[in-house]
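Dear colleague,

I am passing on the structure we spoke about, with its sequence. Please look it over before reading my notes below.

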Amino acid sequence: MSPTKPTRQLPASLIEGSAYRLGDFIDADAIIPVRYCTRPTTETLTRRCLTQIDPDFPAKARRGLIVVAGKDFGRGSANENGVRALQLSGVKAIIAFSYGLLFKRNAINLGLPVLECKEIVENSESGDRIEIDLENWVCANITAGVESAATPLSQIERDILAAGGAIEWIRHNRLESGFSSRS
């Protein structure tokens, strides 16, 4: 048996991946068309995610991408299936200039890191190597040699992301406080 090459272990707060560049005003229906959301399955969400923009996106996303987008990413819908589709497809995080408010809230609640970092958006192309440090709230484009602080989320939003989403945060805090649904 040949020895295996050790893999680099990343701290839980560090995310790295290849950039997948998108433009401004990508609405929720472009992420996952509403016709696929009435009875969404994992297969449907992963197979149809962003295919209106790039028919090859599902194959590209399996490699673990960091979406880098422009203004108002995910605007227009309260439907959480866009976030789920991105997660299930393999998207690790999103860096954008700004987000649709409901998309951003859904992403945080489902545990998908969403960062606002103008410098990274302006200096990234698809394929660039991106690193995100969630502990210090810093984004870096290693390929372009650019590093910048992201606009920090509130402490509660950061806690929800660290827990893996709102449901996990509630479970953890309910147990810590001694509260139980049986109480």
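What follows is a short account of a helix pair, a few loop residues and one further helix.

Please bear in mind that this is a predicted model, in which local features need pLDDT of at least 70 and side-chain atom pairs count only at pLDDT 80 or more, while totals for chains, interfaces and linings use all residues. Residues are numbered from 1 along each chain as its sequence is written, and side-chain values use heavy atoms, with hydrogens and water left out.

I begin with the helix pair. Helices and strands here are DSSP runs numbered from the N terminus (H or I of at least four residues for helices, E of at least two for strands). The axes of α5 (residues 101-110) and α7 (residues 155-163) cross at roughly 50° and come within 7 Å, each axis being a line fitted to C-alpha atoms over the stretch in contact, with angles running from 0 to 180 degrees between N-to-C directions. The two helices are therefore oblique to each other, a term for whatever is left once angles under 35 degrees are called roughly parallel, over 145 roughly antiparallel and 65 to 115 roughly perpendicular. Where they meet, Arg105, Ala107, Ile108 and Asn109 of α5 face Glu157, Ile160 and Leu161 of α7, contact meaning heavy atoms within 4.5 Å.

Next come the loops. Phe25, in the loop between β1 (14-21) and α1 (28-31), has a phi near 55°, a positive value in a residue other than glycine. Phe25 counts as partly exposed because its relative accessibility is 44%, the scale being buried under 20% relative accessible area, exposed over 50% and partly exposed in between, with a 1.4 Å probe and protein chains only. Asp72, in the loop between β2 (65-69) and α4 (81-89), also is not a glycine and has a positive phi of about 60°; with a relative accessible area of 22%, Asp72 is partly exposed.

Tyr99, by contrast, is buried at 8%, and is found in the loop between β3 (93-96) and α5. Leaving aside neighbours within four places in sequence, Tyr99 is in contact with residues including Asp72, Phe73 and Glu116. The C-alpha atoms of Tyr99 and Glu116, 17 residues apart along the chain, are separated by 8.2 Å.

Lastly, the buried residues of α4 include Val83, Ala85 and Leu86, and among the elements covering the buried residues of α4 are α1, β3 and α5. Just after α4, Gly90 takes a positive phi of about 115°.
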